[in-house]
Amino acid sequence: MRALLAILLFPVATQALAADDDAAALSLADRPQPATRAAGNWSAFAETTAARSALRAGGIEHDANLFLGARYDATFAPGWRAIFADLLDLRWQDHPSHQKTLNTTIDAYLSWQVRPDTILDAGRINTRYGVATGYNPTDYFRANAVRSIISIDPASLRENRLGSVMIRSQALWTAGALTALYSPKLADQPSDAAFNPDFGATNFSDRWLLAASHALSKQLNPQLLIFGQAGQSAQIGFNLTALLNDATVGYVEYSGGRTTGLLAPLEMPSPPSAYRSQIVAGATYTTARNLSLTLEYEFNGSGLDREAWDALRSGSPALYAQYRALTIRLQEMPTKQRLFANARWQDAIVNHLDLAAFAYYDCVDSSRQGWVEARYHWPKVDLALQWQVNSGSPGSEYGALPARQTWQALVKYFF
């Protein structure tokens with residue numbers, strides 16, 4: 001169960017949504033960042049955390065982390081950019097065997113602007129797709145990518161993860177983009193060594209992706225994706241955002257194709273493949289006081305229904321542990337249905353104070369996870385206090401987590 005704790009334990013950072021950021025909410029193309037940055041080519045931070053967890057089995061556990069993050073983005077010749085992002089995690093825990101240092105190379109690639117509307121990238125790239133908030137079925141490159149948890153905020157998990165080695169070409173126009181990428185197989189299985197370059201951690205199979213997006217209007221923006229992986233049928237993805245009114249953005253994210261399901265790799269013999277779908281539908285409402293509220297329904301056709309989930313929980317403990325570890329590695333829902341709610345309030349009550357909260361509810365086993373944060377900003381320093389609670393029956397998605405609840409304080413310094 002330590003693997004469960006490592007992925008779903010307390011967060012240490014959050015990102016607030018701007019009240020008038022409709023353009024960002026409607027942007028679907030995974031485009032490069034602008035070539036020039038007002039703050040300079042380098043940005044860095046240091047973040048220290050201290051946590052106290054009440055364990056489900058009884059007792060208290062203390063943890064501490066020091067995160068060091070850096071990003072470099074610069075134009076070094078006409079039409080050429082170099083992008084590098086890295087996260088170093090130094091951990092201290094009560095048990096000496098749990099001490100560990102992990103380094104994650106998020107991005108390390110070169111970008112060539114062949115023409116004003118054509119870009120070619122090569123190297124390690126953290127490519128991200130999907131318009132949903134709590135679960136992204138079209139985020140096809142998420143498997144094995146999360147090595148170090150700086151926050152369980154879904155946005156942070158997507159941003160602070162190991163990129164995949166690939167070559168990517170993009171054609172851009174005013175209303176959309178066309179992207180083609182290829183990511184080769186570099187190893188048979190992921191490596192978990194602390195300072196191993198991990199060239200194969202996210203490059204465990206030959207993979208490719210085509211993505212096309214075009215804004216039909218200011219209110220409607222669709223994206224179509226086709227994803228392929230060696231030994232697996234092609235998956236079709238679809239993202240859609242719609243500006244429902246001046247304060248509400250609705251979205252739908254879908255992925256479907258023939259697959260054997262999540263439990264199949266652990267079953268003997270493996271069941272035949274079938275067409276399975278994953279879909280997320282939700283909406284975000286933003287008030288005039290910078291309060292954003294999101295509600296989302298999540299469905300994973302490759303996950304387990306109530307009967308199969310109950311049978312797994314009451315069966316072999318080893319098989320159950322293997323399945324949970326697999327879903328964590330793939331960043332997949334273990335069951336078929338889940339609800340997600342999210343609230344973020346910028347400058348709440350007083351200026352520079354941000355409040356955030358989110359909750360997951362597993363519709364199959366009724367387990368729940370909740371998280372609340374209060375964060376105050378100074379020009380170069382953030383100070384935050386967080387509380388997380390996991391509840392549910394034994395063996396449920398969140399009831400199986402070792403920590404019943406966790407309090408954590410953090411200080412983040414921006415260089």
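The following conversation goes through features of a predicted model of one protein chain.

Colleague: What does the secondary structure of the chain come to?
Modeller: In this predicted model, the chain has five helices and 18 strands.

Colleague: How many residues are in the chain, and what percentage of them is buried?
Modeller: The chain has 415 residues, and 47% of them are buried. Its accessible surface is about 18700 Å², with 63% belonging to carbon and sulfur atoms.

Colleague: What share of the contacts comes from residues 24 or more positions apart?
Modeller: Among contacts in the chain with a separation of 6 or more, 59% are between residues 24 or more positions apart.

Colleague: Turning to charges, how many salt bridges does the count come to?
Modeller: The count comes to 15 salt bridges. One of them joins the side chains of Arg161 and Asp139, at 2.7 Å from N to O.

Colleague: Are Arg161 and Asp139 buried or exposed?
Modeller: Arg161 and Asp139 are both buried.

Colleague: And which residue pairs with Arg344?
Modeller: Arg344 forms a salt bridge with Asp153, at 2.9 Å from N to O. This pair links distant parts of the chain, 191 residues apart: Arg344 is in strand β14 (residues 337-345) and Asp153 is in the loop between β5 and α3. Both Arg344 and Asp153 are buried.

Colleague: Changing topic, at what angle do the axes of α4 and α5 cross?
Modeller: The axes of helix α4 (residues 306-314) and helix α5 (residues 317-330) cross at roughly 125 degrees and come within 7 Å. Angles from 65 to 115 degrees count as roughly perpendicular and those over 145 as roughly antiparallel; α4 and α5 are therefore oblique to each other.

Colleague: Which residues meet between α4 and α5?
Modeller: From α4, Trp309, Leu312 and Arg313 take part; they meet Leu319, Tyr320, Tyr323 and Arg324 of α5.

Colleague: Where does Phe76 lie, then?
Modeller: Phe76 belongs to strand β2 (residues 60-77). Its relative accessibility is 49%, so Phe76 counts as partly exposed.

Colleague: Lastly, the backbone. What is the phi of Asn290?
Modeller: Phi of Asn290 is about 65 degrees, a positive value although Asn290 is not a glycine. This residue is in the loop between β12 (274-286) and β13 (291-300). With 25% relative accessibility, Asn290 counts as partly exposed.

Colleague: And what is the phi of Ile349?
Modeller: Ile349, also a residue other than glycine, has a positive phi near 70 degrees. Ile349 is in the loop between β14 and β15 (353-362). It counts as exposed because its relative accessibility is 68%.

Note on methods: Residues are numbered from 1 along each chain as its sequence is written. This is a predicted model: local features need pLDDT of at least 70, side-chain atom pairs count only at pLDDT 80 or more; totals for chains, interfaces and linings use all residues. Side-chain values use heavy atoms; hydrogens and water are left out. Helices (H or I, at least four residues) and strands (E, at least two) are DSSP runs, numbered from the N terminus. Buried means under 20% relative accessible area, exposed over 50%, partly exposed in between (1.4 Å probe, protein chains only). Axes are lines fitted to C-alpha atoms, for helices over the stretch in contact, and angles run from 0 to 180 degrees between N-to-C directions. Angles under 35 degrees count as roughly parallel, over 145 as roughly antiparallel, 65 to 115 as roughly perpendicular and the rest as oblique. Contact means heavy atoms within 4.5 Å. Accessible areas come from the Shrake-Rupley method with a 1.4 Å probe; for residues, only the protein chains shown count as cover. A salt bridge is a side-chain nitrogen of Lys or Arg within 4 Å of a carboxyl oxygen of Asp or Glu.
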